[in-house]
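Welcome! Let us walk through this structure together, from whole chain down to single residues.

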Amino acid sequence: MSVIDKLVARSRRRSPWLFRLNAGGCNGCDIEFSACLSPRYDVEQTGALLVGSARHADILCVTGPVTRGSLAALETIFAQMGDPKAVVAVGNCPATCDVFAGSPVIAGPLDGLVPVDVFVPGCPPRPGDIIEGIARAVAALPAKGARGGKRDAKRKRGAGKKT
Amino acid sequence: MNAGRALVGLLVFPGLLYALPAAWLMLWIERKARARMQGRIGPPFYQPFFDFVKLMAKRTVPLAPFDAILAAGLPILAGSSLLVALGLLPVLSGPGGFAGDVILLVALLEVPGLAAVLAGFASRSIFGQLGGAREAVLSVVSSVPFLGAVVALAISARSLRLVEVASGPAAAVRWPAVIALVLCLPLKLRINPFSLVNAEQEIYAGPLTEYAGPKLALWELVHGMEWVAWTGLAACFGLPLRSGRPARDIALMIAGSFLLVVLLAVAAAGTARLKVRQAGLFYWSWGLGLTLLALVLAVIPRGGGGG
């Protein structure tokens, strides 16, 4: 690995920009996610930054069971994010749809729609667990970048079939 | 103008060699000051550098050829203008600059704002266009007090050479003009309470909403260089530089710039975002009032003294 590759890999680990999407959740996970940015947890000291545009983000944090109404937004936002990128499923809902499972208005769970890198279980999960999930997703970013876009392209094709 | 000295100004100090690390450091100070004001620890000092490298290495969706040229060309144009503007800053004494360089400096400092407007509209995003429109309106709002302050300094110094404009004015003119100039900085740098242009969570990232990867990295760098250029300009006009001792002048200019960054960042962290109308009222009252005072004080002695 050249010096530049090492620098890029280190930069990806030290600079995860987050984008949060509520895909039909009850807002409980979003409140816990917001706590990660508060003085008590201060995720920014790890270099993380909550950004307003999905195009700027490296990590997509999804809360909620993914309703049919939010499916198009999820797909658009995932496609707008540049590679390498990672997806963190925050809470039980994106992982299993939880109490909403079987509802006709639910398109989830999330891993059937977009490739999920990290699941953070809990209803809602504690902020410390969300930060740990983000850290695990961050650790996967340099490897994704080093392998090129083939893996992500394959995943996207797979995600397209499922939808 | 001495070509060698101009080249050193452009490439070494206060140009590229100083501006690049200073830009990243000032961006960090802004984030760190905000974090500390909110009771957080905040990012480490190398954060803006790692952000830049990460963005440069990020793969993005390919654009149409013309869009790609425009998207990459605008931040390069803005950065180049800022670099030349930095090279013109009158930090050291001696026969630097040329007649009329103050006009060139003012024009160059307005280019990044214009590039941001174009970037917003060229992105064809509703949020980009909103941000671009806000930038255009607020640029006019802040440019009147800024230009008035520079004109007052030039009238008082009776010159359009930057070195003389920075050194010559009477203290009675200098202070209202420099305060008016400092008041313009939050708007020029798009920070609170005048962060309407890139109001996060409101219009996402304003003109830069659709930008990603290397092009966004360049815009981030341009924003850092804007900090260096505007605070450097305020330091050059407000501090007693050009003493003939280069080390002392350079140290004083750097210290003044960074002190201003800290003050602006703390003020930004302690204030909430104002509306366009409120921002306009602020600049048309306080900014313009101070500028008019400076202009009157600059003109009266000239009229009274016969010349």
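## Chain B as a whole

A residue is called buried when its relative accessible area is under 20%, exposed when over 50%, and partly exposed in between, using a 1.4 Å probe and protein chains only. Buried residues make up 53% of the 307 residues in chain B.

This is a predicted model, in which local features need pLDDT of at least 70 and side-chain atom pairs count only at pLDDT 80 or more, while totals for chains, interfaces and linings use all residues. Residues are numbered from 1 along each chain as its sequence is written, chains are lettered from A and ligands numbered from 1 in the order in which they are written, and side-chain values use heavy atoms, leaving out hydrogens and water.

## Folding up chain B

Chain B has eleven helices and zero strands. Here helices (H or I, at least four residues) and strands (E, at least two) are DSSP runs, numbered from the N terminus. Chain B has a radius of gyration of 19 Å, close to the 19 Å from the globule rule for 307 residues, so chain B is as compact as a globular protein of that length. That radius is taken over C-alpha atoms, and the rule is 2.2 Å times the number of residues to the power 0.38.

Along the principal axes, the C-alpha atoms of chain B fill a box of roughly 65 × 45 × 45 Å. Contact means heavy atoms within 4.5 Å. Of the contacts in chain B between residues at least 6 apart in sequence, 79% join residues at least 24 apart.

## Two helices that cross

Where do helices meet? In chain B, the axes of helix H9 (residues 213-238) and helix H10 (residues 246-269) come within 8 Å and cross at roughly 115 degrees. Axes are lines fitted to C-alpha atoms, for helices over the stretch in contact, with angles from 0 to 180 degrees between N-to-C directions. Residues making this contact include B:Trp227 of H9(B) and B:Leu260 of H10(B).

## A buried serine

B:Ser143 lies in helix H6 (residues 126-157) of chain B. B:Ser143 counts as buried because its relative accessibility is 11%. Leaving aside neighbours within four places in sequence, B:Ser143 is in contact with B:Glu110 and B:Lys188.

## The sheet in chain A

Chain A has an open sheet of five strands in the order S2-S1-S3-S4-S5, with parallel pairing. Two strands pair if DSSP finds at least two bridges between them. Strands S2 (49-50) and S5 (118-120) of chain A are the edge strands, each pairing on one side only. A:Trp17 has A:Leu49 in S2(A) as its bridge partner.
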